[in-house]
Amino acid sequence: MRLPALLCAAATALLGLAPGAHAAAGDEAPALNVITTFPDNPFSLVQNGRPNRVVFSFSHPPGADRALVLEEITGAFLNPAKRDGQRGRVLRNMTTTRLKDVPIASAAAQPLQVPFDFYPEFKPQSLDVEFRAKVLDQGNTRRYNLPVYRGTVVVEEPAPSFFDLQLLSVYVVMTTALAGIAYVVYTQYLAAYVRPKAPAKRTQPTQPAKPAAAHHDEWLPPQPTVRTRRQAAAAASRRK
Ligand SMILES: *[C@@H]1O[C@H](CO)[C@@H](O)[C@H](O)[C@H]1NC(C)=O
């Protein structure tokens with residue numbers, strides 16, 4: 001539960017108060033006060049494919065003392081162009097959230113706050129929504145399907161986030177493809193310019209081989225002769 005968000009009344013859009021039907025007899029639907037809020041969402045905008053949170057705040061009206069337990073919350077997207085009961089009125093049911101038998105506290109206590117996330121998948125448009133709660137009366141062990149809230153939401157596409165998982169996979173595919181293209185271009189066309197092939201060694205025109213020493217004497221400045229140890233040793237033994 002996002003209590004801080006809830007307590008911040010200024011940033012919270014108050015959607016409505018749905019008093020349940022007043023019941024005098026034991027078997028009638030229990031009276032229940034439910035305040036429904038879209039935290040930090042004053043215009044009831046809901047984003048496709050994302051969790052959209054609504055928070056219900058359940059409490060007994062003063063004087064009511066039935067031992068009620070909240071078991072389920074569910075909802076539905078409704079076609080605003082149809083009337084209740086008409087074919088096509090319910091566009092889609094939301095996924096039901098089952099609760100672990102949460103008791104609804106007495107009127108004196110803090111209201112029971114329950115978050116509920118739903119995921120629209122519609123074209124951007126204005127839709128009606130309804131939420132219902134299944135409540136167990138522990139006194140007569142009967143279950144009641146209570147309407148909790150009905151209103152309108154505006155479905156919109158979420159702004160793509162840079163780190164969206166789907167987008168990330170697109171980046172990966174595109175990067176791989178670009179790398180592949182770059183590699184082909186490099187090897188096919190650019191390699192020759194970037195790294196020119198070493199000029200093929202010209203085969204020396206065959207000449208009568210001159211003695212190496214003579215060749216050195218003619219063309220090269222005198223160089224210190226590097227001798228291997230073995231050569232040096234051989235020379236030394238010759239000198240002896
Ligand atoms: C929604 O759920 C109700 C019962 O919970 C069912 O009768 C109805 O057919 C469902 N509608 C859709 C559109 O799934």
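Guide: Quick ground rule: helices (H or I, at least four residues) and strands (E, at least two) are DSSP runs, numbered from the N terminus. This is a predicted model, where local features need pLDDT of at least 70, side-chain atom pairs count only at pLDDT 80 or more, and totals for chains, interfaces and linings use all residues. Residues are numbered from 1 along each chain as its sequence is written.

Visitor: What makes up residues 168-192, helix or strand?

Guide: That span is 100% helix and 0% strand, and its end C-alpha atoms lie 35 Å apart. An unreviewed UniProt entry annotates residues 168-192 as "transmembrane region". UniProt positions are given in the numbering used here, feature names are shortened, and annotations may be inferred rather than shown by experiment.

Visitor: Why does T36 count as buried?

Guide: A residue is buried if 20 or more other C-beta atoms lie within 10 Å of its own, exposed if 12 or fewer, and partly exposed in between, with C-beta atoms placed from the backbone. T36 has 20 C-beta neighbours inside 10 Å, so buried it is. T36 sits in strand β2, and its C-alpha is separated by 9.5 Å from that of Q113, 77 residues apart along the chain.

Visitor: And why does D40 count as exposed?

Guide: D40 has 12 C-beta neighbours inside 10 Å, so it counts as exposed. You'll find D40 in the loop between β2 (33-39) and β3 (45-47). Its phi is near 55 degrees, a positive value in a residue other than glycine.
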